[in-house]
Amino acid sequence: GKYDATSPWICVEGCLSAVGISLDIRTARDVARTLSARCAMAGPGSRVDHVRLYEVVGRAFGVLSAGDGMDAALDFLLEAVSHGRRLKRAARHRVLRLLSEKAGAAVSSGNGTRYALACLSVIEGEADPRNLLEALRLLSISAALTGDEFPDAEAFDTVQVYYPVSFVPPPGNPAGITRGDLIDALREVLDVCPPDDVGTMVHERLLDAEEEYGAGAGDGVAEEAAEALGDVERYAVGVIAEKTRLREAAAAAVRLLEKTAVASASGRDDISPVPRAAGAVLCRLQRDGAGGAVSDALRHVCDDLSIRSGSSRGRAAAAALGAVLESGPTSRMVGDLADAALPRFFDRMEEEERLTIIAAG
């Protein structure tokens, strides 16, 4: 006869009722295996009722997580989620809601790591911005609740594919989600990932953004550069961890400062966020003990101050040092800059005075 998509659930729900009465964890695991097998068949084109499926999944998870069954509940949900990425967005959203409701119970039962892995399973491969935003926020909550149990390396491996965020809201933006929302949520997760891994990732993005900024490739390159600089400042501990990476990051920040003056002279009006962001990065690196790399990066800028003020290099040097001084440098950094810059500045003034006298004569 005709296939009835709801008929398997009559049997399953009967099993759940029995489990709910007896709290027999062995029986619960059998039910979990049955449900997981059904999840595997429940692709978007199947005849399985997705809404009914995850209503039953929710009931199963609720039963399994009662009493001493949280470990069985999370085992079940991990397996169900492994198939759930083929389901419709609304069905995947139900999994997120289940996880959100059970966060405290999972951690208090000693299953913090397993719970975090379940959260990561939901995030992996998620393309819908609504689900991704909720999953990232849930992962941050998981990290706060689990503390040292949080699987930070696995978290980085999962979320790094979303960096940098490239989301553009659709016309009308019916979900009300912005690119900034996703950036903030992703940064909250990166905050608890291994610093060295994050430092490498943001450093590579900075080098790419600096190259694009110099080439003037398309609209928004200045904003992209400022975002990359902001991430280097935020995750400076990871950037500093490796000397070559540190020196390259400091040099890239200085080059962006210098390119600002060149872009300004050519009439580009989208460069305002770059000087402040680059100056903040250099000051942060210096405060965190990387003063030597920062001084080396700025030394040639100070040398350029002796070039005639009307030149692009002279203007770029002055703009670069001005941005650094406006970004809250330490007194030591100010002293180092003064020692390096003032002699060049005075040399330039003397040269311009000499040229003025010659021209007047």
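Tutor: A salt bridge is taken here as a side-chain nitrogen of Lys or Arg within 4 Å of a carboxyl oxygen of Asp or Glu. This is a predicted model, in which local features need pLDDT of at least 70 and side-chain atom pairs count only at pLDDT 80 or more, while totals for chains, interfaces and linings use all residues. Residues are numbered from 1 along each chain as its sequence is written, and side-chain values use heavy atoms, with hydrogens and water left out.

By the salt-bridge rule the count is 11. One of them joins the side chains of Arg-205 and Glu-224, at 3.1 Å from N to O. Arg-205 belongs to helix α11 (residues 195–215) and Glu-224 to helix α12, so this pair links distant parts of the chain, 19 residues apart. Helices here are DSSP runs (H or I, at least four residues), numbered from the N terminus. Arg-205 is buried, its relative accessible area being 6%, whereas Glu-224 is partly exposed at 21%. For these words, buried means under 20% relative accessible area, exposed means over 50%, and partly exposed is in between, with a 1.4 Å probe and protein chains only.

Arg-205 and Glu-224 also take part in a network of salt bridges, together with Arg-179, Arg-187, Glu-227 and Asp-231.

Because Glu-210 lies in helix α11 and Arg-255 in helix α14 (residues 243–265), the pair ties together parts that are 45 residues apart in sequence. Here the acidic residue Glu-210 is buried, with a relative accessible area of 8%, and Arg-255 is partly exposed at 32%.

Helix α12 returns in a further pair. The side chains of Arg-234 and Glu-188 form a salt bridge at 3.9 Å, N to O. Arg-234 sits in helix α12 (residues 221–234) and Glu-188 in helix α10 (residues 179–190), and the pair links these distant parts of the chain, 46 residues apart. Arg-234 is partly exposed, with a relative accessible area of 35%, and Glu-188 is partly exposed as well, at 43%.

Methods
Helix = DSSP H or I, 4+ residues; strand = E, 2+ residues; numbered from the N terminus.
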